[in-house]
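Work through the exercises below with the structure open beside you, and try each task before reading its solution.

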Amino acid sequence: FKCSPSTMRTEQLAHTASMNARALLFSSSPLPKTPLDISIPRRNHGSHVKPTSPFAFRIRVLLRSQGRCCKFRVLARSSGERRSGKVWADVKSEQYDVSESVPESVKFGDPLKDVVIGKEDLDNVVPWWEEFPKRWFIVILCFSAFLLCNMDRVNMSIAILPMSAEYNWNPTTVGLIQSSFFWGYLLTQIAGGIWADTVGGKLVLGFGVVWWSIATVLTPVAAKLGLPFLLVVRAFMGIGEGVAMPAMNNILSKWVPVAERSRSLALVYSGMYLGSVTGLAFSPFLIHQFGWPSVFYSFGSLGTVWVVIWVRKARSSPLEDPQLRPQEKRLIMASSVSKEPVKTIPWGLILSKAPVWALIVCHFCHNWGTFILLTWMPTYYNQVLKFNLTESGLLCVLPWLTMAFSANLGGWIADTLVSKGLSVTTVRKIMQTVGFLGPAFFLTQLSHINSPAIAVLCMACSQGTDAFSQSGLYSNHQDIAPRYSGVLLGLSNTAGVLAGVLGTAATGYILQHGSWDDVFKVSVGLYLVGTVVWNLFSTGEKIVD
């Protein structure tokens, strides 16, 4: 069944929803002799209503006759200067086999039933926030959560100075307070991954933000009650932040297609870097203006705003979101993992795979160097480059900014390579090799540099190339075991946190008996080991279903 487009006149297009629209379709041959006519009669009172502004509307019509159906649409436009406009009707058959004998005419029985005029048809302009991809809205919410995560974490490094002066804490006590965060952080890495993979990432990440925000707000109260209370609250804060990365990994494994995986993870992890920048920038100002407790009250309260949006808008997977547009759902589900919920974790299968152990070993090698540079950098600037403490604090922000930029640049490069047809395995190996050999190269140059400015630039480049790891090993959990990505990240990040704790302590011992060159040599050695292991055993293919 096929009709050529025909042009018709309509009168008085204003107030179309309340008028009695009728349509007749005549056909007595393969091609209609009489054009389709759709008219809207005038009101009985004879008044003429002139449209006050240009407008357009569409009419969707469903024809039913002898058990068969046909759909067509009518588009009407008016310039606003005339009482009539032109109507174009495209009549097409949709899965409709028409017999040789076609009824002479088909008439609509109920115009209000057959002619549908929706609000979306009257205004064809869709607000931009409705067209914005929901998957990237989820990514931005995860980015915001990680921004708050590091803001709440680094504020103690600034506030500990006036706190220790007020409560007369010695350096040993300060070190104990700083390390108490990792007690809870280590405890919930694997547990958070199991929880996220079994009950859904939305609930777990929401719990984490609520938990660490409450702990942040309670920190001044705990400090006034006594040291044991403060240690418990800091450990509780670590519990909340420990589930964040596994939960985020679980959510993005369901929401983000493979072709966008590197960019999405790079953006989320750059939230951590920018959170550190924000925390380091605003904490001194708040302490100076309102006292050190204001840092914890203000930063902790921000979590409330995030949680309200998260609970209302986020879903653990696209299948649970009734507002997700069908075309976006099809795009996501085309590369989606199994829809079956995780009930048991196949530990034996996961731990029997060489790429899993490559991921764990390389996470350890990566975090050893990263944690050392970020933890001991102010000391290096002060003792070796002879910067004062204020300059050291300002320069500590530079690597975080560099990492935020490089992480997103690396994510864009990785996704572009994948879209060009390069295998995911090759892309992951390239990006992580840059993430290992880049820092190794720049650290070896520090012993030959005498200029403080060049040394700072070298450190920034080291951290900038390190951020390419976000498109390497940090994206690999979702590649090799998408259904168990939360558990897998919990496993590898446990090794990464241990590397940070051990590396930070070992650096103090090395500096007591050696030099900064020795510190950098250990980091470079681990970077090289990680490079070899990664290129020999890693893969970008799914190995655990």
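**Exercise 1.** Find the helix in which Tyr297 is located, and decide whether this residue counts as buried, partly exposed or exposed.

*Solution.* Begin with the position in the chain: in this predicted model, Tyr297 is found in helix α11, which covers residues 293–313. Next, take its relative accessibility, which is 38%. Buried means under 20% and exposed means over 50%, so Tyr297 counts as partly exposed. Finally, look at its surroundings on the surface, where Tyr297 forms a nonpolar patch together with Val210, Ile214, Leu218, Val221, Leu225 and Phe229. The patch has about 630 Å² of accessible area in total, and helix α7 (residues 201–225) gives the most to it, with five residues.

**Exercise 2.** Describe how helix α10 and helix α16 pack against each other, and identify a salt bridge between Asp415 and its partner.

*Solution.* Two packed helices are described by the angle between their axes and by the distance between those axes. For α10 (residues 261–290) and α16 (residues 397–419), the angle is about 170 degrees and the axes are 8 Å apart. Angles over 145 degrees count as roughly antiparallel, so α10 is roughly antiparallel to α16. The residues that meet include Arg263, Leu267 and Tyr273 in α10, and Trp400, Ala407 and Asp415 in α16. Among these, the side chains of Asp415 and Arg263 meet in a salt bridge, at 2.8 Å from N to O. Because Asp415 lies in α16 and Arg263 in α10, the pair ties together parts that are 152 residues apart in sequence. Asp415 counts as buried at 3% relative accessibility, whereas Arg263 is partly exposed at 32%.

**Exercise 3.** Which parts of the chain does the salt bridge between Glu260 and Arg135 tie together?

*Solution.* The side chains of Glu260 and Arg135 meet at 2.8 Å, N to O. Glu260 lies in the loop between α9 (244–255) and α10, while Arg135 lies in helix α4 (residues 134–167), so the pair ties together parts that are 125 residues apart in sequence. Both Glu260 and Arg135 are buried. A search of the whole structure finds seven salt bridges.

**Exercise 4.** Determine whether Asn476 is buried or exposed, and list its contacts beyond its neighbours within four places in sequence.

*Solution.* Asn476 lies in helix α19 (residues 473–480). Its relative accessible area is 0%, so Asn476 is buried. Leaving aside neighbours within four places in sequence, Asn476 is in contact with Leu359, Arg428, Trp534, Thr539 and Gly540.

How values were computed. Residues are numbered from 1 along each chain as its sequence is written. This is a predicted model: local features need pLDDT of at least 70, side-chain atom pairs count only at pLDDT 80 or more; totals for chains, interfaces and linings use all residues. Side-chain values use heavy atoms; hydrogens and water are left out. Patches are made of residues with over 30% relative accessible area and no salt bridge: like charges are joined within 9 Å, nonpolar side chains (Val, Leu, Ile, Met, Phe, Trp, Tyr) within 5 Å. Accessible areas come from the Shrake-Rupley method with a 1.4 Å probe; for residues, only the protein chains shown count as cover. A salt bridge is a side-chain nitrogen of Lys or Arg within 4 Å of a carboxyl oxygen of Asp or Glu. Helices (H or I, at least four residues) and strands (E, at least two) are DSSP runs, numbered from the N terminus. Buried means under 20% relative accessible area, exposed over 50%, partly exposed in between (1.4 Å probe, protein chains only). Axes are lines fitted to C-alpha atoms, for helices over the stretch in contact, and angles run from 0 to 180 degrees between N-to-C directions. Angles under 35 degrees count as roughly parallel, over 145 as roughly antiparallel, 65 to 115 as roughly perpendicular and the rest as oblique. Contact means heavy atoms within 4.5 Å.
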